[in-house]
Amino acid sequence: MSFKIFDIASMGMSAQSVRLNSIASNLANAETVSGTPETAYRSLHPVFSTVGLTQDLSDDFHGKGVKVDKVIQSNKDIERRYEPGHPLADQNGFVYSANVNVMQEMADMISASRTYQHNVQMMNASKEIMLQTLNIGQ
Amino acid sequence: MDLNSSLGIHAQALEIRSKRAEILASNLANADTPGFKARDIDFKEIMTQVHGQGPEHMAVTNPKHFGHIDDMMDASLKYRVALQHNLDGNTVDTQVESGKFTENNLHYAASLRFLDMKVKNRNTVIKGE
């Protein structure tokens, strides 16, 4: 069993934990309001990309890891709410709430943690089998 | 008696299995990467090629030599046909991939067991106990 599986699985785990981190930040800021549309919280979403494990990029064979390519801010419309009593309201009495879709974030969270689990299982299975290989002939 | 050939095909099977595990691990790790296409190898195809070489095949002293196990696998690396397409172009089905990964691990363990028994047999013969 090759040691590269550990690299691949750990890259997968760290990518998924970045995703979980951004989901946590989105959920925590779901109810954040702001005085202007520019400063309102915009939800964060990581974009993954495949990365080769060897220098040779044409080397398809030696497995592929994953990395966080960039973290984008959602460009969905910021919702405007009329709350003249709010301390952050602008002169027209509007506050601007974060463009976080809580349902979507929750579903995303389950997906991220499931993939994380898959990576952990993969690593465990490879570890077990590698230990067995070490004990060959004993 | 040639030591290598008497160990049977299991040593090569282990190598192919561990390479396949690597590929399946890549698929699982990239389950959420946009545009990633899941890949796999045909174990039977490679095994037939490897086995067809026989002991009289020319010695491979450099990984770049034709007939190296890696080259064969490179050639038979295929794309998985997705059951359902994702909008982002990703074709990884985590259930399928983790099923294949487990299956591959089990086959690895089986080959390992056979190899282990062969080594133990040798030990018994050498010690004469």
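**The sheet, the interface and the salt bridges**

Analyst: In this predicted model, three strands of chain A form an open sheet in the order β1-β5-β4, and their pairing is antiparallel. The edge strands are β1 (33–34) and β4 (79–82) of chain A, each of which pairs on one side only. Between β1(A) and β5(A), the latter covering residues 94–97, there are 2 bridges, and the two strands run antiparallel; within this pairing, Ser34(A) has Tyr96(A) of β5(A) as its bridge partner.

From the sheet I turn to the contact between the chains. Here 33 residues of chain A are in contact with 33 residues of chain B. The size of an interface is often given as the accessible area lost when the parts come together. For chain A and chain B the buried area is about 2,600 Å², and carbon and sulfur atoms give 63% of that area. The polar side of the interface can be counted as well, with 10 residue pairs in polar contact between chain A and chain B, both residues being at pLDDT 80 or more. On the side of chain A that touches chain B, the elements giving two or more residues are α1 (4–28), β2 (44–52), β3 (64–73) and α2 (102–134) of chain A. The largest share, 10 residues, comes from α2(A), and the residues of this side as a whole divide into 11 nonpolar, 18 polar and 4 charged.

Asn119(A), found in helix α2 of chain A, is buried, with a relative accessible area of 0%. Beyond residues up to four places away in sequence, Asn119(A) touches Ala9(A), Gly12(A), Met13(A) and Gln16(A), together with Ala29(B) from the other chain. Gln104(A) also has its place in helix α2 of chain A, but Gln104(A) is partly exposed, with a relative accessible area of 40%. Leaving aside neighbours within four places in sequence, Gln104(A) is in contact with His45(A) and Lys76(A), while its C-alpha lies 26 Å from that of Glu83(A), a residue 21 positions away in sequence.

Next come the charged pairs. Across the interface of chain A and chain B the rule finds 1 salt bridge: Asp32(B) pairs with Arg19(A), the closest N and O atoms being 2.9 Å apart. Arg19(A) also forms a salt bridge with Asp108(A), where the closest N and O atoms are 3.0 Å apart. Because Arg19(A) lies in helix α1 and Asp108(A) in helix α2 of chain A, this pair ties together parts that are 89 residues apart in sequence. Arg19(A) is buried, with a relative accessible area of 8%, whereas Asp108(A) is partly exposed at 21%.

Elsewhere in chain A, Asp69(A) forms a salt bridge with Lys67(A), with the closest N and O atoms 3.5 Å apart; Asp69(A) is partly exposed at 40% relative accessibility, and Lys67(A) is partly exposed at 37%. The side chains of Arg81(A) and Glu83(A) likewise meet in a salt bridge, at 2.9 Å from N to O. In chain B, salt bridges that share partners join Arg20(B), Asp40(B), Arg80(B) and Glu97(B) into one network. Over all chains, the count by this rule comes to 9 salt bridges.

Buried residues make up 42% of the 129 residues in chain B.

Notes. Residues numbered from 1 in each chain as written. Chains lettered and ligands numbered in written order. Predicted model: local features only at pLDDT ≥ 70, side-chain atom pairs only at ≥ 80, totals over all residues. Heavy atoms only, no water. Contact = heavy atoms within 4.5 Å. Buried area = accessible area lost by both parts, 1.4 Å probe. Salt bridge = Lys/Arg side-chain N within 4 Å of Asp/Glu carboxyl O. Polar contact = N/O pair within 3.5 Å; in protein donor to acceptor, adjacent residues only side chain to side chain. Helix = DSSP H or I, 4+ residues; strand = E, 2+ residues; numbered from the N terminus. Nonpolar A, V, L, I, M, F, W, Y, C, P; charged D, E, K, R; others polar. Buried < 20%, exposed > 50% of the residue type's maximum accessible area, 1.4 Å probe, protein only. Pairing = 2+ DSSP bridges.
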